[in-house]
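Hi everyone, thanks for coming. Let's look at one model together and walk through a few of its features.

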Amino acid sequence: METLIDFQTCLSEFSGKFDELAGRYDHTVQHSSELETLINDYSSFITDKENERIWEQLDHQESGSMHQLVLDLRDKSAQCVAIMEKYRALKLRDGEVEIADYFRNIEECIEKEFGSFHVTSESKVLLVGSGSFPMTPLFIAKRTGAKVVGIDIDEEAITLGRQVVETLGAGLNIHLQQTLVQDLAFTKEATHIIFSSTVANKYDLLDQLHALTNEHVVVAMRYGNQLKSLFNYPMRETDTRKWNMVDNILRPDDVFDIALYQKA
């Protein structure tokens, strides 16, 4: 039981640190190293096999306070990941390029994003929740030559993201817009759609996308269940009249897994 108590104490400490460092963001890189260290530590915590075993024990216990702590951590860590992307974009703008462990982990995930549903130069890829440092669009466009559109509701993220693309991907077919999926003409053209794991309403958006997309679209839903749900919004059941899960790419050493959907 002491281990369980230590585990919950550790989660509470992470929650407090996320609150503190999110509150320090002032559109400069002043507190970037502290947040980078925290995110890296949290990523290691989430992928630790011993913590998985402890989580399974906790998962069988009914606790309203623990449930709320999980929800809070999910939201707070998502907010801090968004801030850390801003720090990375600001550093790039200032001539400093670093790849934190978290970002290296994400970039390794991208290679396996669509499993057997390969992206080619003819593909049209939409990323929902592109963020301030649009690694996925850059990676896909560089590797395949596909057209990639990223959307985000955060105006600052789009501004910084465009600066990153201009610096690292000049000439690539990448477009970033502050808009919603239902207001984007490209949604109908997209052959592949990727949802960031930190998009809270992604399954509501997936339901909407059934009427907005073409017949053969493939959707990659980044998610995290069990322990990974502390860092990602988890998988949800879909309306099987609309979407079928055709593959589930489990990445034990990565911070999120990937579910692939096609229309029913």
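What volume does the largest pocket have? About 740 Å³. Before I go on, a word on the source: this is a predicted model, where local features need pLDDT of at least 70 and side-chain atom pairs count only at pLDDT 80 or more, while totals for chains, interfaces and linings use all residues. Residues are numbered from 1 along each chain as its sequence is written, and side-chain values use heavy atoms, with hydrogens and water left out.

A pocket here is an open set of points on a 1 Å grid over the protein atoms alone, where a 1.4 Å probe fits, with protein on both sides within 12 Å along at least five of seven lines; lining residues have an atom within 4 Å of a point. The volume is the space filled by probe spheres set on the points, which are joined across faces, edges and corners.

Of the 41 residues lining the largest pocket, Gly129, Asp152, Ser196, Thr198 and Val199 are the closest to its centre. The lining divides into 22 nonpolar, 13 polar and six charged residues. For those classes, Ala, Val, Leu, Ile, Met, Phe, Trp, Tyr, Cys and Pro are nonpolar, Asp, Glu, Lys and Arg are charged, and the others, Gly among them, are polar.

Which helix gives the most to that lining? That's α4, with eight residues. Elements supplying at least two residues each include α4 (64-93), β1 (124-128) and α9 (202-212). Helices (H or I, at least four residues) and strands (E, at least two) are DSSP runs, numbered from the N terminus.

Now stay with α4 and look at its partners. Helix α2 (residues 32-46) packs on α4 at an angle of about 130°, with their axes 10 Å apart. Axes are lines fitted to C-alpha atoms, for helices over the stretch in contact, and angles run from 0 to 180 degrees between N-to-C directions. α2 and α4 are therefore oblique to each other, the term for whatever is left after under 35 degrees (roughly parallel), over 145 (roughly antiparallel) and 65 to 115 (roughly perpendicular).

In contact terms (heavy atoms within 4.5 Å), the α2 side includes Leu35 and Tyr42, which meet a set in α4 that includes Leu73 and Met84. That contact has nine nonpolar, two polar and two charged residues.

The other partner is helix α7 (residues 155-168), which packs with α4 at about 45°, again with axes 10 Å apart. That makes α4 oblique to α7. Here Leu90 and Arg93 are among the α4 residues, and Leu160 and Val164 among the α7 ones.

Last, His27 has a positive phi of about 70° although it is not a glycine.
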